[in-house]
Amino acid sequence: MSQKDIEALFNPLDNTVQLLRNEIDFSYLEALTETGSNLIEKSIPDELKNSLDPATTDQLMKTYQSIDTAAMEPEDIRKALQLSILKGLKEDKVQPNHQMTPDAIGFMFVYFIEKLRDSSLANMRILDPAVGTGNLLSTVYNALTTAKVEVEAEGIENDDLLIDLAAMTTRLQRQNVKLTYQDALQDLLVDPVDLVVSDLPIGYYPVDERAKVYTSAAKEGHSYAHHLLIEQSLKYLKPNAFGLFLVPKLLFETSEAASLMKAIQEYGFLQGMLHLPKELFANEPSQKSILILQKKGDKATQAKQVLLGNIPDLKNHQSMLKFMEEVDTWKKENL
């Protein structure tokens, strides 16, 4: 990974975003989506061109023509786009549920996936039912591709700006990703997948009638959307396959935990829950964990000892090495 290559994409992206915003009432993220799409096409739509000063159009086109993303590594592209989106999230003051999954967390997902996935699979289908900007899905996709796995991915998102961003970023990285703009808790036209990964949005699901079809639904009032999405994800996993979810640390300490646990046991097994380092979060209520579930199947059994504990500070190499050894031991004894 080259910092020079990352900056070689981030800087012109940022410059073109500012050029667009100087003349059109775009938010940063809207302008980023537009300029990223223009970069892919190496052209500017006529509708947009008619709203721009000709000198600005010329300057934009020169910039787009000067960038050769085909010569860049997908992971360098992802990093540059991540910097751009982070800047946009800050400038646009985006709500917490729309924030990007940090790389430190994404890389922990990759670590557990490498430990858990069926290494005999040369091809894998991945689903993210709450794909957001696509950063977590892209992180996992690039890691599997580097491991010589052919990946086909799907993402579901019900926010139009976020799915536009995800479409732009995955296209720039040349990823085989199908994105669908819909409520992920409705019936999905998704074939069974080998892996689910998701940074789940936290909060209540407003459509009570739809929530009632889920085992994890609340008996009264609105149900937790993240509970329903966990159950929905289990339905679309292939037998024996794993789902990894970023969830609240106190997931199983709410009044609705029993119904969530019932739903998990209906479709699969709770194999692990690892609390992420508190240093990654602004305060205690915002702390998250990685939940590891496995779909029932002929090769899947409930682990004798569920993998529980705290992931150490990622900067503490000795503690991380010890933690990884403990995970290896757990896997040999339980899976």
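Colleague: What volume does the second largest cavity have?
Modeller: This is a predicted model, and its values are computed from it. The second largest cavity is lined by Phe112, Lys115, Leu116, Ile292, Leu307, Val327, Trp330 and Lys331, and helix H6 (103–116) and helix H12 (317–334) are the elements that give two or more residues to that lining. By class the lining divides into 6 nonpolar, no polar and 2 charged residues, and the volume of this second largest cavity is about 40 Å³.

Colleague: Which helix gives the most residues to the lining of the largest cavity?
Modeller: The largest cavity has a volume of about 60 Å³, and its lining consists of Arg78, Leu81, Gln82, Ile85, Met100, Thr133, Gly134, Asn135, Ser138, Thr169 and Gln173. Of these residues, 3 are nonpolar, 7 polar and 1 charged. At least two lining residues come from each of helix H5 (74–91) and helix H7 (135–146), and the helix that gives the most, with 4 residues, is H5.

Colleague: Is H6 roughly parallel or oblique to H7?
Modeller: The two helices pack with their axes 9 Å apart, at an angle of about 45°. Because angles under 35 degrees count as roughly parallel and 65 to 115 as roughly perpendicular, the relation of H6 to H7 is oblique.

Colleague: What is the handedness of the crossing of H6 and H7?
Modeller: On the H6 side the contact is made by Asp103, Gly106, Phe107, Phe109, Val110, Ile113 and Glu114, and on the H7 side by Asn135, Leu136, Thr139, Val140, Ala143 and Leu144. These contact residues divide into 8 nonpolar, 3 polar and 2 charged, and the crossing of H6 and H7 is right-handed.

Colleague: Does H2 pass H8 in a left-handed or a right-handed crossing?
Modeller: The axes of helix H2 (residues 28–41) and helix H8 (residues 160–172) come within 9 Å and cross at roughly 30°, which means that H2 is roughly parallel to H8. Among the residues in contact are Leu29, Leu32 and Ile40 of H2 and Leu161, Leu165 and Met168 of H8, and by class the contact has 8 nonpolar, 3 polar and 4 charged residues. The crossing in which H2 passes H8 is left-handed.

How values were computed
Residues numbered from 1 in each chain as written. Predicted model: local features only at pLDDT ≥ 70, side-chain atom pairs only at ≥ 80, totals over all residues. Heavy atoms only, no water. 1 Å grid on protein atoms, 1.4 Å probe; cavity = no way out; pocket = protein on both sides within 12 Å on 5 of 7 lines; lining within 4 Å. Points joined across faces, edges and corners; volume = space filled by probe spheres on them. Nonpolar A, V, L, I, M, F, W, Y, C, P; charged D, E, K, R; others polar. Axes fitted to C-alpha atoms, helices over the stretch in contact; angles between N-to-C directions. Parallel < 35°, antiparallel > 145°, perpendicular 65-115°, else oblique. Left-handed = near helix turned anticlockwise from the far one by under 90°. Contact = heavy atoms within 4.5 Å.
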